[in-house]
Amino acid sequence: MLTLLNLLSAVALLVWGTHIVRSGIMRVYGADLRRVLSRSVSKKPMAFLAGIGVTALVQSSNATTLLVTSFVAQDLVGLTPALVVILGADVGTALMARILTFDLSWLSPLFIFFGVVFFLGRKQTRAGQLGRTSIGLGLILLALQLIVAAATPIMQASGVKVMFSSLTGDVMLDALVGAMFAIISYSSLAAVLITATLTATGVISFKVALCLVIGANLGSGMLAMLNNSTANAAGKRVALGSLLFKFIGALMVLPVIEPLANGLRHLPVNDEELVIFFHVFYNLIRCLIMVPFAEPMARFCRRLIREEPDIEQRMKPKHLDISSLDTPALALANAARETLRMGDVMEQMLATFGKVVHGELREDREIRRLDDDADVLYTAIKLYLAQMPKDDLPKEDSRRWAEIIEMALNLEQGGDILERMSGEVVDKSLTARRAFSAEGLEELDAQLELLTSNLRLSLSVFFSRDMLSAKRLRRAKHRFRILNRRYSHAHVDRLHQHNVQSIETSSLHLGLLGDMKRLNSLFSAVAYSVLEQADDDHDEE
């Protein structure tokens, strides 16, 4: 029993080590990997190589699949190139399995020791995250040693031999067992390595081992489907296409597995090495054959999984991918894109408020609905960022985290102000059959136009963090305040002239001008954040 627990803990340690490597690499190079994938998808050979390279870095084809799926779900990458990237990822994980079978036991203590030193000493820096990756690599190598050590006595037990002796002849049953291995261990890599160990100890035949390897590949496709069960239609198509490619490969090889096994047995290589080499070349040949069929597979997946009708699309966040939370660069980019959607809602509210000012009473309901949309997005962004491990964030990411929260909060408060302004216009002016003077209406229109312009510039500064744009926004804020003061004085002058319309709407008019000044301050706050950050960076230099 203790030996079985040792084996299970070794497999768990392998999975955990893979997770640590993935999260460490993604925290350091996540944004770079995103750019590599986005730039490589235009050509299939480059997309295929990108899949191999990214998987070699993150040590897991499942991690690459989750990453690519999140891009597809956000319309950053097309379905066809995403399928090609995942085919490359399958080859990448097979190559890593071959590399990890070398005797690298002497590297494990070195990786763990230096990784702990760097991670604890400089936790929130790039060096600290690379130390985290080093710890993960050390744990992977250590786990592989423990798997071999724990599996050997288990496989020599008579009961286990009897259990595995049933895996003889039925290729479909053997493949399904291999798939279950991959799902239970949450890693096709672990399943393949265990299969190689079983073959070396003589517990299973070479033919059964090949079937288990094919099944392990199929199991990784099933894992991808399970991981993306809650994704949108685009994300589910990626996982389905990957699974179908693996299923087609299994159907092509399993009928000829017996003559293939007999032919491979004549090679001057031991059975354990042969299992690993078969895993590599099976994935390489299968994926190279499947690459030209990525487009037909994409069309087939679109037919099987259609877009779900989304009646209240604006009420739901689109870019807050939970699987990206372990990668701060990606998660912050997702939150920033969702904040831009809040900005779009705010721009619609300004345009609708202009209609309310001109007497279109029914548009007040639209403003209330848009404010509800902004509140939903704000709550989603806030809860999404709250799930990020902020204490572990590098300094730059921590600043961006605060900027996104502040921008989202300012937009949410701006929405509340606009909703109140609309209600006051309806209650105090239009329902009492009072109208703004022609001059007052022109002033309000001019202020709304400037507000819209400053909002757009604010969103541009927020997304690009450009210094010149931030200075432009700061100047635009001051110009708005000067014009706002001028319009207030002009209104008072009309009161002295006994303009009846100005007298009737005086408190409302001045109140709206004051609210617009507050809106302008909320929109322009991001400029000071960017400029202060630039000053801090200059002082550090």
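Is valine 530 buried or exposed? Select valine 530 to begin: with a relative accessibility of 6%, this residue counts as buried, a word that here means under 20% relative accessible area, while exposed means over 50% and partly exposed anything in between, using a 1.4 Å probe and protein chains only.

Before going on, note that this is a predicted model, in which local features need pLDDT of at least 70 and side-chain atom pairs count only at pLDDT 80 or more, whereas totals for chains, interfaces and linings use all residues. Residues are numbered from 1 along each chain as its sequence is written, and side-chain values use heavy atoms, with hydrogens and water left out.

**The whole chain**

Now display the whole protein as a cartoon, where you can follow 21 helices and zero strands; helices (H or I, at least four residues) and strands (E, at least two) are DSSP runs, numbered from the N terminus. Of the 541 residues in the protein, 52% are buried.

**Around valine 530**

Return to valine 530, which sits in helix α21, residues 506-540. Leaving out neighbours within four places in sequence, valine 530 is in contact with Val461, Arg465, Asp466, Met467 and Ala470, where contact means heavy atoms within 4.5 Å. If you pick the C-alpha atoms of valine 530 and valine 461, you will find them separated by 8.0 Å, although these residues are 69 apart along the chain.

Next, select arginine 465, which lies in the loop between α18 (438-464) and α19 (467-496). Arginine 465 is counted as partly exposed because its relative accessibility is 23%. Its phi is near 55°, a positive value in a residue other than glycine. Most residues other than glycine have a negative phi.

**The nonpolar cores**

Select Phe353 and Leu385, which touch the most other members of the largest nonpolar core, a group of 61 residues; such a core is a set of buried Ala, Val, Leu, Ile, Met, Phe, Trp, Tyr and Cys residues joined through side-chain atoms within 4.5 Å. Among the elements that give two or more residues to this core are α15 (328-357), α16 (363-386) and α17 (395-430), and α15 gives the most, with twelve residues. Beyond four places in sequence, the contacts of phenylalanine 353 include Ile367, Leu418, Leu448 and Met516. For a second, separate core, of 44 residues, select Ile147, Val192, Val203 and Leu254, which are among its members.

A search of the whole structure finds zero disulfides, meaning pairs of cysteine sulfur atoms within 2.5 Å.
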